Amino acid sequence: MQPTQRRLANAIRALAMDAVEAANSGHPGLPMGMADAATALFTKHLKFDAGDPAWPDRDRFILSAGHGSMLIYALLYLTGYARPTIEDIKRFRQLGSPCAGHPENFELPGVEVTTGPLGQGFAMSVGMAIAERHLNAIYGDDLVDHRTYVVAGDGDLMEGVNHEAVGLAGHLKLGRLIVLWDDNNITIDGLTELSRNEDVLARFQAAKWHTIDCDGLDAGKVSKAIEKAIADERPSLIRCKTIIGYGAPNKQGTAATHGAALGADEVAAARKELGWDSPPFEVPDDVLTAWRAVGQRGGADHAEWQRRLGASGKKDEFLARQAGKVDDAWLKPYLDKLLADLKPVATRKASEMALEAINPAIPSTVGGSADLTGSNNTKTKDLEPLTADNYGGRYIYYGIREFGMAAAMNGMALHGGVIPYGGTFLVFTDYARPAIRLSALQNARVIYVMTHDSIGLGEDGPTHQPIEHLQSLRAIPQLEVYRPADAVETAECWALALTGDGPSILALTRQNLRPVRTKAAGENLCARGAYRLKAASASRKAILIATGSEVEIALDVAERLEERGIGTDVVSMPCTERFDAQPQEYREDILPDVSNREILRVSIEAGTTFGWERYTGLHGLRIGIDRFGVSAPAKDAYEFFVLTPDKITERVLDRLKQREIA
Ligand SMILES: Cc1ncc(C[n+]2csc(CCOP(=O)(O)OP(=O)(O)O)c2C)c(N)n1
Ligand SMILES: [Mg+2]
């Protein structure tokens with residue numbers, strides 16, 4: 001006899017409480033409360049094939065409430081994905097188990113995105129839904145025709161980024177986005193009444209969402225709600241009324257089940273309550289067999305899709321694009337043209353010029369800006385807006401939603417088939433930072449076009465002038481921060497960002513910079529992260545390390561020092577992360593490990609000096625800005641902060657004297 005939906009759901013409940021019990025750590029409440037709803041979704045609606053988690057036309061399932069990670073681990077195991085195995089689940093939350101505390105996309109195929117920071121799974125799902133509609137517009141229903149399903153908790157819907165994501169999804173009419181809200185009235189501190197009295201459904205309705213109410217503990221009713229959501233053209237929020245920790249007779253409905261093991265007695269009581277008499281981590285044959293059949297349900301669809309792909313004449317292109325393959329064939333012809341006609345240009349403008357070459361050559365790019373299109377120079381002439389009426393467009397007006405934009409870009413990048421780039425002012429990376437961090441953790445190829453990268457932006461003043469931003473972003477692992485010095489470097493950095501396998505930030509100037517790279521190099525010099533732009537003429541006594549707009553200043557300082565017979569190297573360092581990854585000999589050649597009494601190392605960057613001792617040594621000289629900026633024209637701001645060639649030359653000479661080098 002086929003087990004009931006409730007019995008299938010109880011397998012999730014049992015695995016969740018047993019795994020949390022074994023780890024004595026974790027969150028049984030959500031998986032137990034949402035087990036019926038998840039069973040409805042997976043058994044009846046979700047299009048997937050457990051045998052091929054990477055099938056491009058699968059529906060995407062996102063557990064935004066990542067603390068309930070045992071829900072997804074149980075589902076992947078029960079439906080027969082290669083991992084996790086039951087042994088993996090027994091080692092829930094232990095070192096080396098793919099069943100990490102929160103779901104990690106880089107650990108388990110089937111986990112589409114990394115969740116845990118509340119709100120971001122929901123916001124990433126908006127990007128997934130955008131990518132689906134965009135690729136559908138290009139390849140048609142035969143190849144791209146799937147949905148994005150989300151399980152979100154109260155916390156996901158309270159977070160600020162949720163408001164940005166809801167607004168964006170409603171505006172873009174992402175009807176294939178379906179969110180199941182675990183409305184259990186509980187968060188960690190207790191009842192949601194403690195902190196929320198808004199009418200959540202009314203809020204979504206106001207943002208042009210379709211909303212439905214249902215009993216989240218009745219799989220049949222959830223299934224009907226999902227059918228209605230599928231039929232509606234708007235994005236849908238299904239409010240699933242649930243009880244946290246459902247099945248644990250003494251603790252259900254309370255915050256006690258949110259994030260702690262239930263304890264042996266309560267687990268035993270729950271087994272009785274649920275009529276579940278199997279020992280821990282054992283799933284009865286009838287239940288496992290039924291679940292395994294669910295995992296194969298999509299096999300026929302998948303085979304049919306493969307056939308359509310084969311017949312489409314677009315197979316190679318589609319798969320290459322899905323795999324994210326791009327080359328930098330655009331770069332050399334572009335650089336040849338650039339070098340033939342050099343003029344001063346802001347690197348934000350140089351970025352636009354590079355994009356004019358990139359966008360026609362790489363059709364998977366999708367640009368955008370958080371309402372600063374004209375300032376970020378992110379929209380090239382050939383890009384049409386991506387709108388509800390034209391999902392085939394390649395430019396997104398994200399509105400003033402930096403965090404929402406960054407999270408959506410993560411979703412797009414992880415969906416595959418799309419390389420998102422988006423802009424705002426560098427200072428507002430702070431608004432997007434939690435998503436930038438997740439870009440890095442998830443290895444999502446997102447390109448952040450962050451302009452107005454220093455006091456050089458001028459009159460907008462200290463609120464808009466980044467100080468600590470470059471260094472704080474460089475401190476994020478797996479994120480490449482590029483600060484190019486001119487148009488040639490900007491193009492090289494774009495090429496690196498596009499061919500990389502993780503996120504990049506391009507920090508670009510508002511103000512014009514004179515060309516510092518005036519001859520063809522034959523290779524991408526920025527790929528090394530730092531390189532000798534100018535070698536000392538006289539005997540080398542100083543190395544000036546500069547980035548971005550300060551490279552031209554460094555060249556002027558070097559000229560003044562050389563006039564005094566002080567041999568000076570200028571090192572342009574567009575990407576510290578890449579330099580750090582170079583072989584020892586290369587790093588030693590550029591920045592020899594000698595005392596600052598032999599060769600003085602000087603860093604020049606119009607931002608905090610914090611951390612530059614990494615390259616100057618403790619007794620080197622660090623030139624920068626260790627306070628907030630000023631509202632003034634750029635030239636006056638640079639003078640105020642004594643970031644001029646003459647003033648810096650004086651400081652270097654003083655230090656050389658102190659060090660008894662000159
Ligand atoms: C951004 C963020 N803030 C705080 C937390 C810590 N946290 C994890 S779950 C949770 C409560 C979430 O409540 P709800 O979504 O209702 O989940 P439930 O208790 O119903 O499982 C909090 C505050 C987090 N993971 N992310
Ligand atoms: Mg809750």
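**Group meeting: a magnesium site and some salt bridges**

Hi everyone, let's start with Asp 183, which is buried at a relative accessible area of 1%; buried here means under 20% relative accessible area, exposed means over 50%, and partly exposed lies in between, using a 1.4 Å probe and protein chains only. Before I go on, this is a predicted model, where local features need pLDDT of at least 70, side-chain atom pairs count only at pLDDT 80 or more, and totals for chains, interfaces and linings use all residues. Residues are numbered from 1 along each chain as its sequence is written, chains are lettered from A and ligands numbered from 1 in the order in which they are written, and side-chain values use heavy atoms, with hydrogens and water left out.

Back to Asp 183: its side chain meets that of Lys 241 in a salt bridge, 3.2 Å from N to O. By salt bridge I mean a side-chain nitrogen of Lys or Arg within 4 Å of a carboxyl oxygen of Asp or Glu. The pair links distant parts of the chain, with Lys 241 in strand β7 (residues 236–241) and Asp 183 in strand β3 (residues 177–183), 58 residues apart. Helices (H or I, at least four residues) and strands (E, at least two) are DSSP runs, numbered from the N terminus. Lys 241 is partly exposed, at 36% relative accessibility.

Now, which residues coordinate the magnesium ion, ligand 2? They are Asp 154 through OD, Asn 184 through OD1 and Ile 186 through O, at 2.1 to 2.2 Å. Asp 154 sits in helix α6 (residues 154–158) and Ile 186 in strand β4 (residues 186–187), 32 residues apart. Donors are N, O and S atoms within 2.8 Å of the metal (3.2 Å for Na, K and Ca), and as water is not among the atoms, sites may look incomplete. Along the chain, the donors follow the spacing D-x29-N-x1-I. Asp 154 is buried at 3%, and Ile 186 is buried too, at 7%.

How many salt bridges does a search of the whole structure find? The count is 41. Among them, Asp 556 and Arg 514 meet at 2.9 Å, N to O. Asp 556 lies in helix α21 (residues 550–563) and Arg 514 in the loop between β15 (512–513) and β16 (531–534), so this pair ties together parts 42 residues apart in sequence. Asp 556 is buried at 17%, while Arg 514 is partly exposed at 31%. There is also a network: Glu 132, Arg 133, Asp 145 and Arg 176 are joined by salt bridges that share partners.

Thanks, everyone!
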